[in-house]
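Here are my notes on the model you sent. Please read them with the structure open.

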Amino acid sequence: MGRSSHPPHYQRCSVSIKADGTEVTEADRAAETVIRDLLAQHYPRHAILGEEFGGSATDDPDLWVIDPIDGTTWFSLGMPVFGTLIAYLKEQEPVVGVIHFPALGETVYAAKGLGCWFQPRTGAPVRVRVSDAVRLRDAAISASGIHRSDFLREEPGRPYHLSGVQRQARKFRFCGDCLQHALVCRGNLHAAIDTVMQPWDIAALVPCVEEAGGVATSLSGQRHGILFGGSLLTSCDRSLHDELLGTL
C-alpha cells in the first residue's frame, strides 16, 4: 500500500457482511496481516489490536491499534477517500497516529510533542494546524453519517441532534470517516462528528488532532478513556467544541 501505486484490490473487490453488520473485504484482512507482520518484526514484545483480527485492548503498556481500511464502504465503491489508521499507545494513551490515504498518496501523522504533519503525494511534509476559532454559525462542519442521529429515528435510544448542527452551521457536509478528521487537522474543516466509533477508528486520530492544536472528545465530552467512548468529536477550538456538544 505504498504511495506509488494503488492497493491491488482497489476498485475490484467483493464485499462480505460481518456478524456485526459491517462490511469487510479481502483487502481489509490482507492489509491488517501485512501491518501486523511488520509490527511484529520491529516490535516483537508489543501487543496489537486490530479491527479484523482482534487482540489486546486494555492490559498492555505498549499497544498498536490498527484499522486496515477505515471507510470500507468507500473502498468497495471505488472511491479514493478510504484510509489506513495506525496508532501507538503507551499506557493506554495514544501518542503516535498515522492517517494514510493509499489511493490519494497522502498522509497525516503526528507524535506527542512533535506536531502534526501532512505528507502530500509529492514534495516534502509540511506541519499543519487546525483553523482559527469560530462560532458554530460561522463554521464548516462535517459528519460521517446519520446513524444514531435524529435524521434516522428508527434506531433505539436517544439520538444525537445532528439536524441542529446542520441548521446552525455555516456549511454542513457528510464526509467519509477518517478523512473528515484529517481535514480538521489541516484546517480545512472546523469540526468533524462521528456518532459511532470503535477503538481502532479513534486511536490514530487523537494524536493528530491534538498535535495540530485541536480538541478531541467523545460526544459525551470525555477525553479520558476516549478510545472506548463509542463516538468522536474533533474541532479546532474549545468554545466551538462545547457549542457543538450542547447542540448535539
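How many bridges join strand E5 to E6, and in which sense do the two strands run? Seven bridges join them, and the strands run antiparallel. The points below start from there. Keep in mind that this is a predicted model.

1. **Overall make-up.** The protein chain has seven helices and 15 strands. Of its 248 residues, 52% are buried. Take the contacts between residues at least 6 apart in sequence: 56% of them join residues at least 24 apart. The chain exposes about 11,600 Å². Carbon and sulfur atoms supply 51% of that area.

2. **Strand E6 and its partners.** E5 covers residues 62-70, and E6 covers residues 83-90. Aspartate 62 has lysine 90 of E6 as its bridge partner. E6 also pairs with strand E7, residues 93-101. Seven bridges join E6 to E7, again in the antiparallel sense. Within that pairing, alanine 87 stands opposite glycine 97 of E7. Six of the eight residues of E6 are buried, so the strand is largely enclosed by the rest of the structure.

3. **The turn between E6 and E7.** This hairpin has two residues between its strands. Glutamate 91 takes a positive phi there, near 55 degrees. Glutamine 92 also sits in the loop between E6 and E7. Is glutamine 92 buried or partly exposed? It is partly exposed, because its relative accessible area is 26% and the cut-off for buried is under 20%. A polar atom of the glutamine 92 side chain lies 3.1 Å from the backbone oxygen of aspartate 60. Tryptophan 64 is 28 residues away from glutamine 92 along the chain, yet their C-alpha atoms are separated by 10.0 Å.

4. **The five-strand sheet.** Look next at the open sheet with the order E12-E11-E13-E15-E14. Its pairing is mixed. Strands E12 (171-174) and E14 (215-217) stand at the edges. Each has a single partner strand, so one side of each is left without a neighbour in the sheet. Neighbouring strands are turned by 15 degrees against each other on average, direction ignored. E11 (residues 140-143) and E13 (residues 191-194) pair in the parallel sense, over three bridges. Here isoleucine 141 stands opposite alanine 191 of E13.

5. **Helices on the sheet.** Helix H4, residues 177-185, packs on this sheet. H4 touches E11, E13 and E15 (232-235). The direction of H4 makes about 155 degrees with that of E13. Helix H7, residues 238-247, lies across E11, E13, E14 and E15. H7 runs at about 30 degrees to E14.

6. **How enclosed is H4?** Which residues of H4 are buried? They are Cys178, Leu179, Gln180, His181, Ala182, Leu183, Val184 and Cys185. That is eight of the nine residues, so H4 is largely enclosed by the rest of the structure. Glycine 187 follows the helix, with a positive phi near 85 degrees.

7. **Nonpolar cores.** The largest nonpolar core has 58 residues. Ile99, Ile141 and Ile193 have the most contacts inside it. H4 gives this core its largest share, six residues. Another core, of seven residues, lies apart from it and includes Ile35, Trp64, Ile66 and Val95. Isoleucine 193 deserves a look of its own. Leaving out residues up to four places away in sequence, the residues touched by isoleucine 193 include Ile141, Leu162, Val165, Leu219, Leu232, Leu233 and Leu248. Its contacts also include Ser142, Ser144 and Gln180.

8. **Serine 235.** This residue lies in strand E15. Where does serine 235 fall, buried or exposed? It is buried, with a relative accessible area of 0%. Its side chain makes a polar contact of 2.7 Å with the side chain of histidine 241. A polar atom of the serine 235 side chain also lies 3.3 Å from the backbone oxygen of aspartate 237. Setting aside residues up to four places away in sequence, serine 235 touches Val184, His190, Ala191, Val209, Gly214, Val215 and His241.

Conventions:
Residues numbered from 1 in each chain as written. Predicted model: local features only at pLDDT ≥ 70, side-chain atom pairs only at ≥ 80, totals over all residues. Heavy atoms only, no water. Buried < 20%, exposed > 50% of the residue type's maximum accessible area, 1.4 Å probe, protein only. Helix = DSSP H or I, 4+ residues; strand = E, 2+ residues; numbered from the N terminus. Pairing = 2+ DSSP bridges. Axes fitted to C-alpha atoms, helices over the stretch in contact; angles between N-to-C directions. Contact = heavy atoms within 4.5 Å. Polar contact = N/O pair within 3.5 Å; in protein donor to acceptor, adjacent residues only side chain to side chain. Core = buried A, V, L, I, M, F, W, Y, C linked by side-chain atoms within 4.5 Å. Areas by Shrake-Rupley, 256 points an atom, 1.4 Å probe, with all protein chains shown as cover.
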